[in-house]
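Please examine the sequence and the model shown here before reading on.

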Amino acid sequence: MSRFSVGGMIELEGLTKRYGEKVAVNNLTFTVRPGIVTGFLGPNGAGKSTTMRMVLGLDHPTAGDVRIDGKHYDQLKDPLTYIGALLEAKAWHGGRSAYNHLLCLAQSNGIPQQRVREVLETVGLTAVARKKTKGFSMGMGQRLGIAGALLGDPRILMFDEPVNGLDPEGIHWIRNLMKSLASQGRTVFVSSHLMSEMALTADHLVVIGQGRLLADTSMADFIARNSKSYVRIRTPQRELLLDVLHTAGITAVETGNGTLEVDGGKAEQIGELAARHGVVLHELSSQQASLEEAFMQLTAESVEYHAHSGAPPAEQQRPWGEGWRRS
Amino acid sequence: MSTPQPPMPQTAAPNWQAAPGSSYPTYTSPIPVVRTHLGHALTSEWTKIRSVRSTMWTLGVFVLLVVGLGLATAALVAGNSSDGSLNNENPLSFGVFGLLLGSMCIITLGVLTTASEYGTGMIRTTMTACPSRGRVLAAKAIVFFVVAFVVTLASALLVALVDVAMLDAREPTGQEWLKGTVGISLYIALLGLLSLVVGSIIRHSAGAITIMIGLVLAPLVIALFMFAESLQDLQQALFEYSIPNQLSVFYSQSLSDSGPSGWDPLWIMLGVTAAAFAGAYGLLEKRDV
């Protein structure tokens with residue numbers, strides 16, 4: 001009974017995956033909740049796909065645990081009607097038609113056959129349903145993968161990089177699809193390496209880098225914390241403007257391409273100052289630091305941390321041959 | 001939110017578009033929840049095997065080889081044998097050439113049934129749909145074995161009937177009929193099943209097919225070049241237990257008088273396949289997909 005009233009939680013506890021020496025996923029602990037879109041963000045090779053494969057029981061964790069409503073994936077008796085997943089693109093036999101591919105999936109979980117036509121309709125592949133999937137474009141392949149995830153009308157959906165290879169119309173469609181799935185009370189867990197994409201769809205954000213958890217926060221929090229606003233100015237009278245701003249106690253930073261940037265939301269004040277002192281402005285605009293930059297900073301730190309900790313301290317490095325040449 | 005969901009299977013017309021703002025805290029699918037079992041996996045695997053062209057190709061070439069070579073051999077023998085020279089021959093035995101060559105097709109199909117899923121990435125989808133890996137392997141094995149057995153039996157039976165009708169040989173006994181049709185078909189289907197299992201272990205189509213064809217041909221070829229006196233026993237064993245010779249045992253036509261006889265080849269193949277199956281199952285459970 002409880003399965004019908006609460007559920008749809010994916011819980012990771014100290015999840016770790018090691019391939020020999022390399023740690024792909026390092027002690028991940030977080031929870032994915034129903035009713036919202038949870039973005040799973042990280043640069044390429046951060047361990048997103050490995051984590052998702054462990055959720056689905058495809059890869060065995062080296063340590064830690066991942067459970068879906070308290071169960072391991074292989075304990076689910078109705079996997080496809082419980083959790084649907086889009087993994088890497090084109091995870092199917094190219095010689096089989098889209099219809100037959102979905103049919104064999106439906107049959108393996110006792111899902112009514114009419115559902116195959118319905119999901120093909122949903123993803124817009126009805127016209128090519130009987131064609132071999134070998135000839136599918138990347139976008140069509142992505143749609144077929146999404147059809148497979150939706151087949152069992154599951155309460156949990158996982159999408160690994162769903163916008164890859166989709167055209168703008170397709171990207172728009174998948175964004176709306178994920179939002180509407182979440183609004184129906186489903187759990188939507190979607191990975192991406194694009195912060196901008198996540199900013200548009202995700203309500204909650206889990207960021208990993210080099211397999212380690214870097215952030216587990218609501219999207220609103222992440223934006224508030226990371227998107228500082230600033231004013232961008234372009235002027236042919238740069239020295240004059242800098243003087244004016246300095247006198248007014250405003251610090252401007254020169255950026256590489258000849259523009260000035262001022263922190264905080266003071267566009268009006270700067271405009272009035274410039275007018276009063278007769279400074280010509282070519283641009284005066286309020287800007288928001290992109291979330292992409294914030295994300296890059298966040299993940300770059302993790303990369304740097306690893307690089308430094310692995311390298312020997314500089315003072316111990318001696319020129320080559322020093323040890324034997326002088327002795 | 002307090003409305004309890006009826007625990008019985010939902011009989012109402014499915015409404016795929018769940019009402020937005022539904023009163024349930026979590027989404028409840030209108031699709032009736034089915035506890036999956038082996039039957040589901042079998043239906044799924046049947047759809048898979050019949051919906052790819054490689055199945056039609058390999059089985060088509062198999063039938064062509066078995067029936068074509070069988071008929072050609074019968075015609076050739078019938079045309080070139082003098083009266084009464086075949087009196088003591090088992091007429092069914094002329095089907096063995098086609099079956100030996102045709103077994104390559106069954107090997108290929110068996111390997112492709114498992115290994116191609118690794119090549120295409122389909123295996124991840126399969127194992128997500130059915131997380132019980134043993135069930136997947138079992139379903140593949142059963143579906144493939146039945147298909148291979150039925151097709152081999154039909155082809156072998158056709159050739160046998162033509163042989164008996166065309167050749168001026170003695171009437172085969174009931175036991176010979178059984179061994180020459182059902183027996184050899186079981187053997188070839190098992191050889192295919194072994195290939196399927198090897199495909200699951202190797203996870204690479206070309207590699208697994210090479211191994212299996214090597215297994216069929218290598219013992220005989222190696223034995224041919226064993227001239228040393230001290231290796232005579234080994235040479236003898238390689239001849240006797242080579243798969244081509246095991247095939248001919250089904251027609252009581254072994255290369256030698258010792259070695260496997262009667263139904264022995266079937267039990268040997270059964271044992272080898274069972275052992276390989278156990279190994280494949282263990283690896284499947286242990287390895288990442």
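The model is predicted: local features are reported only at a pLDDT of at least 70 and side-chain atom pairs only at pLDDT 80 or more, whereas totals for chains, interfaces and linings use all residues. Residues are numbered from 1 along each chain as its sequence is written, and chains are lettered from A and ligands numbered from 1 in the order in which they are written.

The pLDDT, the predictor's confidence in each residue on a scale from 0 to 100, averages 87 in chain A, where 89% of the residues score at least 70. Helices (H or I, at least four residues) and strands (E, at least two) are DSSP runs, numbered from the N terminus. Residues are said to be in contact if their C-beta atoms, placed from the backbone, lie within 7 Å. Over residues 1-5 of chain A the pLDDT stays under 50, and the model has 6 contacts beyond four places in sequence for this stretch. Residues 304-327 of chain A also have a pLDDT below 50, with 2 contacts beyond near neighbours in sequence. Where pLDDT is low, the predicted coordinates should not be read in detail.

Chain A contains 13 helices and 13 strands. Among its contacts between residues at least 6 apart in sequence, 73% join residues at least 24 apart. A residue is buried if 20 or more other C-beta atoms lie within 10 Å of its own, exposed if 12 or fewer, and partly exposed in between, with C-beta atoms placed from the backbone. Of the 327 residues of chain A, 43% are buried.

One open sheet of chain A has 4 strands in the order β11-β12-β10-β13, with antiparallel pairing. Two strands pair if DSSP finds at least two bridges between them. The edge strands, which pair on one side only, are β11 (252-254) and β13 (283-288) of chain A. Between β11(A) and β12 (residues 260-263) of chain A there are 3 bridges, and A:A252 stands opposite A:V262 in β12(A). Helix α11 (residues 267-276) of chain A packs on the sheet, where it touches β10 (229-234), β12 and β13 of chain A; the direction of α11 makes about 165° with that of β13(A). Such angles run from 0 to 180 degrees between N-to-C directions, with axes fitted as lines to C-alpha atoms, for helices over the stretch in contact.

Two loop residues of chain A have a positive phi without being glycine. A:E161, with a phi of about 50°, lies in the loop between β6 (156-160) and α7 (168-183) of chain A. A:E161 is buried because 22 other C-beta atoms lie within 10 Å. A:Q210, whose phi is near 50°, lies in the loop between β8 (204-209) and β9 (212-218) of chain A. With 19 other C-beta atoms within 10 Å, A:Q210 is partly exposed.

Finally, 43 residues of chain B are in contact with 50 residues of chain A. Helices α1 (38-50), α2 (53-80), α3 (96-120) and α4 (122-129) of chain B each supply at least two residues of the side that touches chain A.
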